[in-house]
Amino acid sequence: MSPLTRTLLTASAPVVWGTTYWVTTQYLPPGHPLWAGLLRALPAGLLLVALSGHLPRGDWWWRVAVLGTLNIGAFFALLFAAAYRLPGGVAATLGAVSPLLVALLAHLLVGERLTVHRLTCGLVGVVGVGLMVLRASASLDAVGVAAGLAGAASMATGSVLTKRWGNPTTPLAFAGWQLTAGGLFLLPLAVAIEGTLPRLDAGAAAGYLWLALPGAALAYPLWFRGIGDLPVGAVAFLVLLSPAVAAVIGVGLAGEHLTGPQWTGFALALGAVAAAQVPPRRWPRRHAPQRTQHDTHLPSHAHPVPKEN
């Protein structure tokens, strides 16, 4: 499988995740974000574990608990906390700093080069997402900002540790382990904070099925496989596709209209994603011509000049 094919398959995960906002606001009962995260993660995780027939062994029990908490459980909880306390545009822009955090952590933990190219792509991506989703009336809340940044840091750390530790099993089982661990992390929080889940109608049931099956059971195996096969610093930029897809859905299904700055942000975000997938070019060093053994006794200015005939 070529790197381009692997990148496109990995990119399909954040494309599907870009539908989450629309599905949540249109079909799910309001006021239950932790239950939404739990029902997205735990059933999908148990399904994938059952299909794969593999369980962790040895040190992988605690490693899966760490990865599932960082990539799924804590990330979902912090993401929803930021979404509740901040306008959606602010929360999305804070999440866009994740590629920059991944670039730094990947340099420290897995030895990927921290280049000006990748840092520039990260900054352009943040600006692009900000132009796409921020509104002039957006207000800031200190707790919400902290939750948004902590959520980005949680996902970034989980992604880099996933790369560092590798995958001891199939992508299906690996995703199932993490989704199950993340769902179990969310279970006591959902019960303690939100109580029992309200009665579901057909639309809510369909929404939860969409989040659990394409949004988790299909997307996360592709995502974790991409982290294993590709440079994690490049894969991290693919998450910028999620707000771009959300913007497209807003135009196509909600009748929204993008302004000039929003179209500019859309182009910048996609450009950052594309540019981050291209390894920076390494220019060859120029080497000085080597002197022969006969010339080494001469100073640099004393080489004889050949006579013209």
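This is a predicted model: local features need pLDDT of at least 70, side-chain atom pairs count only at pLDDT 80 or more; totals for chains, interfaces and linings use all residues.
Residues are numbered from 1 along each chain as its sequence is written. Local features need pLDDT of at least 70 and side-chain atom pairs count only at pLDDT 80 or more, while totals for chains, interfaces and linings use all residues, and side-chain values use heavy atoms, with hydrogens and water left out.

Colleague: How many helices and strands does the chain have?
Modeller: Helices and strands are DSSP runs, numbered from the N terminus; helices are H or I with at least four residues, strands are E with at least two. From the N terminus on, the elements run α-α-α-α-α-α-α-α-α-α-α-α-α. The count is 13 helices and zero strands.

Colleague: What percentage of the 309 residues in the chain is buried?
Modeller: Buried means under 20% relative accessible area, exposed over 50%, and partly exposed in between (1.4 Å probe, protein chains only). By that cut-off, the buried share of the 309 residues is 45%.

Colleague: Which residues touch the most other members of the largest nonpolar core?
Modeller: A nonpolar core is a set of buried Ala, Val, Leu, Ile, Met, Phe, Trp, Tyr and Cys residues joined through side-chain atoms within 4.5 Å. In soluble globular proteins, nonpolar side chains tend to be buried together. The largest core here has 70 residues, and those touching the most other members are Phe76, Met132, Leu179, Tyr220 and Trp223.

Colleague: Which residues does Trp223 touch, not counting residues up to four places away in sequence?
Modeller: Contact means heavy atoms within 4.5 Å. With that cut-off, Trp223 touches Thr10, Ala13, Pro14, Trp17, Met155, Val235, Leu238 and Val239.

Colleague: Is Thr7 buried or exposed?
Modeller: Thr7 is found in helix α1, residues 3–17. Beyond its neighbours within four places in sequence, Thr7 is in contact with Leu230, Leu238 and Gln277. Its relative accessibility is 16%, so Thr7 counts as buried.

Colleague: How far apart are the closest N and O atoms of Asp229 and Arg225?
Modeller: A salt bridge is a side-chain nitrogen of Lys or Arg within 4 Å of a carboxyl oxygen of Asp or Glu. Asp229 and Arg225 both lie in helix α10, four residues apart, about one turn of the helix. In their salt bridge, the closest N and O atoms are separated by 3.7 Å.

Colleague: Why does Leu47 count as partly exposed?
Modeller: Leu47 lies in helix α3. Leu47 is partly exposed because its relative accessible area is 35%.
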